[in-house]
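Please read the following walk through one protein chain with its coordinates open beside the text.

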Amino acid sequence: MADGGRSADLQPSVLVKIFSAGAAGCVADLVTFPLDTAKVRLQIQGEAKPLVRGQRATYQGVFGTIFTIVNSEGARGLYNGLIAGLHRQMSFASVRVGLYDTMKHFYSSGSENASIVVRLLAGCTTGAMAVAVAQPTDVVKIRFQAQVRMPQGSAATRYTSTMEAYKTIARDEGIRGLWKGCLPNITRNAIVNCCEMVTYDIIKERILRSKLMTDNMPCHFTAAFAAGFCTTVVASPVDVIKTRYMNSLPGQYSGAFNCAFTMLFKEGPTAFYKGFLASFLRLGSWNIVMFMSYEQIKRGIARLHKSLESRL
């Protein structure tokens with residue numbers, strides 16, 4: 001990503017970027033996880049039994065969904081799957097964000113003026129690589145978020161702990177069960193990463209080149225907000241399909257395309273934008289927190305490394 005101004009002499013290494021991206025992803029998940037849980041509940045609503053005309057939906061709107069979850073399951077219900085979510089960010093964000101600059105330089109043969117095609121290729125590559133590494137953590141996170149929190153041992157409780165979920169899925173559905181929905185997830189994350197990373201990269205670069213802002217937090221906030229909005233608009237349909245398919249019972253759908261067609265015929269085209277506001281609030285806020293944290297963490301580590309070197 002574009003660097004400039006006062007940070008030009010603080011170029012972090014690849015390992016620093018990988019660690020910083022994973023840590024920043026975890027910070028962003030801790031802040032925005034309730035919004036993500038609300039998004040998942042809204043996306044799967046109507047899956048088991050389509051709503052009939054006049055029937056009141058259990059979950060209504062982002063904040064209504066959050067209130068319903070807190071009221072019926074307690075505040076902890078908003079953080080179902082948090083541990084798996086943190087597992088996911090440490091492996092997923094580390095690769096897709098931390099390796100973006102490396103892949104951009106690889107495709108551009110080291111040129112500092114990468115074209116839009118090169119940036120898109122870099123985003124697609126790191127997005128696909130991240131899914132290959134982190135898919136099991138995403139499956140478990142989705143299952144936990146979709147699960148209504150019940151008393152311990154209740155028959156309706158699908159999984160009781162994160163590690164038990166990994167083991168149960170592998171035992172009942174095979175190792176392939178942990179990579180369920182990998183194809184729609186690769187598609188979704190290729191789209192998300194291209195929109196997210198490329199939009200952030202280009203907007204930040206344009207702001208710095210036009211000298212509207214310096215390379216500081218207001219600049220990072222502006223670029224991250226724009227990246228979150230663009231990503232939500234483009235990726236929402238794929239995200240809903242991914243959520244439905246990964247949360248489905250064995251045999252419920254024959255594949256991701258079958259899941260998409262079933263949604264279209266049973267619920268109509270608006271089903272693909274279920275939970276859109278929750279998705280935008282979550283992706284917008286997640287991008288802001290993640291990118292601002294990422295920039296600060298990698299700079300902090302670079303400064304610390306430089307300080308330690310100067311003392312030796």
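The model is predicted, with local features needing pLDDT of at least 70 and side-chain atom pairs counting only at pLDDT 80 or more, while totals for chains, interfaces and linings use all residues. Residues are numbered from 1 along each chain as its sequence is written, and side-chain values use heavy atoms, with hydrogens and water left out.

A nonpolar core is taken here as a set of buried Ala, Val, Leu, Ile, Met, Phe, Trp, Tyr and Cys residues joined through side-chain atoms within 4.5 Å, where buried means under 20% relative accessible area, exposed over 50% and partly exposed in between, for a 1.4 Å probe and protein chains only. The largest such core has 21 residues, and M1, V97, Y200, M290, F291 and Y294 touch the most other members. Its largest share, 7 residues, comes from α11; helices are DSSP runs of H or I with at least four residues, numbered from the N terminus.

Rings of Phe, Tyr and Trp (its six-membered ring) pair if their centres lie within 6.5 Å, and planes under 30 degrees apart count as stacked, over 60 as edge-to-face and the rest as tilted. Y200 and F291 are stacked, because their ring centres lie 3.8 Å apart with planes at 5 degrees. This pair joins helix α8 to helix α11 across 91 residues, and both Y200 and F291 are buried.

In α9, a kink of about 60 degrees lies at A235, shortly before the proline P237, the bend being the angle between axes fitted to the seven residues ending there and the seven starting there.

Definitions and conventions: Helix = DSSP H or I, 4+ residues; strand = E, 2+ residues; numbered from the N terminus.
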